Amino acid sequence: MSSNVDTAITNGMKNVEATIKDTVKNSDFIGGRNYLIGTHNRPTELANTGWTYEYFVIDDKDTLATLSGKKVLFHVDIDSTNSDGAVLGFYSWDSSGNKIELPAETSVKVDKGMIGTAVVTKTLPENLNKLQVSVLGKVQNQSKLFVHNEKLELGPVVTDWTPAPEDTVNTDIIAKSSNYGAENLVINSGHPNSTYGWGYYHTKSEGMDFSVSKPAAFNTNAFLLFNNNKYDNNHPYDNEVYAFSNSFVANAGEVMSYSVSTTSSANLSEIDISFLGKDSEDSLVAAVDLQKDLVLPATIPQKISGTFVVPSNVVSGRFRIDNNGTTNDSASYLFFNEVQVARESTPSPWKSPYPASGINPSITLGTVLTEKDDCLSLSAGTYTVNEKAPINTPTKSLDGAGASWGILIITTLPVGNLKFVEYRDSFGRIATNVFSGNPGKWFGWKYITMVTS
């Protein structure tokens, strides 16, 4: 009897919980339900020189079903007294995963030097599978643009800002359960001065490169994937060049977030973003498509983010981004920065993976080795290996050609001839070698198991 009662109570509580969640999600506040999560009623600066933006993505199936085919209003309070103004826009994705703009039917803009409410209306398509609304502005020199009171609601009347019901439900508990704000696992991921910590692969020997540049759309440093080869629909993987991050620990079954800021030339065909997972034997066992065949808006900054579940048997992984080729006979450019992968179920704003003050300036960090350098004859310090494998490098690339990417850390101790060498490559492998004894000798490279606290 007791067991039946307990079961009935448990089922009843689950039904009540489901009803509360459904009520919270779909309830109407005075002024209409706000369908955007994470909005704010205090002016927030969109800080960037050049094009700057704020956007909200809706991918919840129940919410999309509610909005599909309906007339909606997106409105934002904007202070552009010290900027070139801003415009609002709608975007969606087709069945092939391509991002498409949904032209607004009516709009009220906030022009340069004005304060007011920008409004756009749109009757959304049926069967939406994803929706994005964006604020796009332009900031010059020391000018500033502030936005607040963002709201997406069912039409036809603009009403006062209210937070989304989800934003009013115990945000502390939500933050703790999602691990929001977790550590960024990608090194050298912000506004780079070098390609340190990254590797790249090209399918052609010419017309492809990976470097650091400063695109006008960002007005700050970014990685650049250059591709002068035309995209081929019949052989989509023949003309791609891609970059991949350092290896980081990833636990099977856990939810992780990713985000990256991008911009591109008009003739870039499309890009792919993926998570590459490896098992304990350092074998590639999973490739998760985070974005597939994504077409970027030319020369406009685009923030891309989402979450994924780490596949089974995976113990480590890497972030990868591809330039799939040009649409014509001119070179295509893919710029990206502010890359983040974190153990959280909601993407948080980009953060540096470690404080700059924690870097020892005495270490020769960033010294790139060549194929003429000998790993076992260098002075103490930290060195970068960027594709060209030095002499006595312990690992080789997947194709066995002798290329490698990683860092080499050399430590000497003031006791006898003791020298300790550690090599960490971008495939997640860690190897050590020790010079010791009298007479001194190297004891050979040994692989060790990667651990995390």
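Confidence comes first. The mean pLDDT of the protein chain is 77. A value of 70 or more is reached by 78% of the residues. Over residues 19-31 the pLDDT is below 50. This stretch still has 22 contacts in the model beyond near neighbours in sequence. Residues 354-366 also have a pLDDT below 50. For residues 354-366, the contacts beyond near neighbours in sequence number 13. Where pLDDT is low, predicted coordinates should not be read in detail.

Five strands form an open sheet in the order 11-12-20-15-18. Their pairing is antiparallel. In general, strands of a sheet pair through backbone hydrogen bonds. Strand 11 (208-213) and strand 18 stand at the edges. Each has a single partner strand, so one side of each is left without a neighbour in the sheet. Neighbouring strands of this sheet are turned against each other by 30° on average, direction ignored. Within strand 18, Ile-304 stands opposite Val-260.

Salt bridges also link parts of the chain. The count comes to seven. One of them joins the side chains of Glu-338 and Lys-303, with an N to O distance of 3.8 Å. Glu-338 lies in strand 20 (residues 332-342), and Lys-303 lies in strand 18 (residues 302-309), so the pair ties together parts that are 35 residues apart in sequence. Lys-303 has a relative accessible area of 17%. Buried means under 20%, so Lys-303 is buried.

Glu-153 and Lys-151 form another salt bridge, also at 3.8 Å from N to O. Both partners lie under the cut-off for burial. Glu-153 counts as buried at 3% relative accessibility. Lys-151 counts as buried at 0%.

The side chains of Glu-422 and Arg-424 meet in a salt bridge at 2.4 Å, N to O. Here the two partners fall into separate classes. Glu-422 is buried, at 13% relative accessibility, whereas Arg-424 is partly exposed, with a relative accessible area of 37%. Salt bridges also form a network, which links Glu-240, Arg-320 and Asp-322.

Conventions: Residues numbered from 1 in each chain as written. Predicted model: local features only at pLDDT ≥ 70, side-chain atom pairs only at ≥ 80, totals over all residues. Heavy atoms only, no water. Salt bridge = Lys/Arg side-chain N within 4 Å of Asp/Glu carboxyl O. Buried < 20%, exposed > 50% of the residue type's maximum accessible area, 1.4 Å probe, protein only. Helix = DSSP H or I, 4+ residues; strand = E, 2+ residues; numbered from the N terminus. pLDDT = per-residue confidence, 0-100. Contact = heavy atoms within 4.5 Å. Pairing = 2+ DSSP bridges. Axes fitted to C-alpha atoms, helices over the stretch in contact; angles between N-to-C directions.
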